[in-house]
Amino acid sequence: MEVERNDNNLAELIDTKLQLNFEINKDERYWEQRTRNTNGRKTGELQEMTKITRSCFQELFEASEKGHYEHLLTGIERCISEEDNRRLITQYTKEEIWEALTSMGATKAPGEYGFPAIFFQKCWHIIRDKVSIFCLQHLNGGMEVSPINTSHIVLIPKKSKSNQSLSFPSN
């Protein structure tokens with residue numbers, strides 16, 4: 001876009017460039033100060049820079065004072081009734097677990113050991129009590145879940161004949 005150049009345009013352009021350079025320099029000074037360690041010297045160590053950055057953001061997002069914030073909610077209209085709230089905070093039941101299980105597709109959502117929903121649906125009369133107790137403890141907040149919150153890595157062979165035996169030359 002070709003704009004007629006005149007003294008006013010050039011002055012505005014120069015002023016804008018000066019302001020941008022000023023902001024860039026201010027930002028660089030800020031981050032240079034943030035890279036100094038507690039002794040006031042600069043650091044180039046990755047671990048030290050990580051520590052400084054982490055503490056900077058923790059200070060930035062940490063609530064320094066915990067006060068009364070109820071006044072912030074005064075203008076917000078209630079949208080959950082007392083009845084809805086009571087239903088939301090009630091404990092889960094065995095019937096709800098069975099209802100959820102029967103609503104799942106039979107071959108969907110295999111668990112940690114690869115059992116699809118149909119296994120639980122067909123064997124429910126046998127496993128109902130133990131599975132229900134496990135689920136209710138978890139859902140109603142009485143169980144530490146970190147031992148079951150794991151990942152499994154499965155190696156998939158690249159060859160089409162994965163069971164092919166390996167042979168090594170003899171010496």
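Reader: In helix H3, how far apart are Asp 84 and Arg 87 in terms of helical turns?

Author: Being 3 residues apart in helix H3 (residues 82–89), they are separated by about one helical turn. This is a predicted model. In it, Asp 84 forms a salt bridge with Arg 87, with the closest N and O atoms 2.6 Å apart.

Reader: Is Asp 84 exposed or partly exposed, and what of Arg 87?

Author: The label exposed needs over 50% relative accessible area. Arg 87 has 54%, so Arg 87 counts as exposed. Asp 84 has 30%, so Asp 84 counts as partly exposed.

Reader: How many salt bridges are there?

Author: The count is 3. One of them joins Glu 23 to Lys 26, with the closest N and O atoms 3.6 Å apart. Both residues lie in helix H1, 3 residues apart, about one turn of the helix. Glu 23 is partly exposed at 39%. Lys 26 is partly exposed too, at 40%.

Reader: Which residue forms a salt bridge with Lys 94?

Author: Asp 129, with the closest N and O atoms 3.8 Å apart. Lys 94 lies in helix H4 and Asp 129 in helix H6, so this pair ties together parts 35 residues apart in sequence. Lys 94 is partly exposed at 38%, and Asp 129 at 45%.

Reader: Where does H6 bend?

Author: At Lys 130, by about 35 degrees. Now check the span. A helix's expected span is 1.5 Å times one less than its number of residues. H6 (residues 124–139) has 16 residues, and a straight helix would reach 22 Å. The end C-alpha atoms of H6 are only 19 Å apart. Just after H6, Gly 141 takes a positive phi of about 85 degrees.

Reader: Which residues of H6 are buried, and what do they pack against?

Author: Buried means under 20% relative accessible area. In H6, Trp 124, Ile 127, Val 131, Ser 132 and Leu 136 are buried. The buried residues of H6 pack against helix H4 (94–103) and helix H5 (117–122).

Reader: What percentage of the chain counts as buried?

Author: Of its 171 residues, 7%. The chain has 6 helices and 0 strands. Its accessible surface comes to about 16,400 Å², and 55% of that belongs to carbon and sulfur atoms.

Reader: Which residues make the nonpolar surface patch?

Author: Tyr 30, Trp 31, Phe 57, Leu 60 and Phe 61 make a patch of about 560 Å². Helix H1 (7–34) and helix H2 (46–61) each give two or more residues to the patch. H2 gives the most, with 3 residues. Phe 57 lies in H2 and is partly exposed, at 36% relative accessibility.

Methods. Residues numbered from 1 in each chain as written. Predicted model: local features only at pLDDT ≥ 70, side-chain atom pairs only at ≥ 80, totals over all residues. Heavy atoms only, no water. Patch = residues over 30% accessible without salt bridge, like charges linked within 9 Å, V, L, I, M, F, W, Y side chains within 5 Å. Areas by Shrake-Rupley, 256 points an atom, 1.4 Å probe, with all protein chains shown as cover. Salt bridge = Lys/Arg side-chain N within 4 Å of Asp/Glu carboxyl O. Helix = DSSP H or I, 4+ residues; strand = E, 2+ residues; numbered from the N terminus. Buried < 20%, exposed > 50% of the residue type's maximum accessible area, 1.4 Å probe, protein only. Bend = angle between axes of the 7 residues up to and from the residue. Contact = heavy atoms within 4.5 Å.
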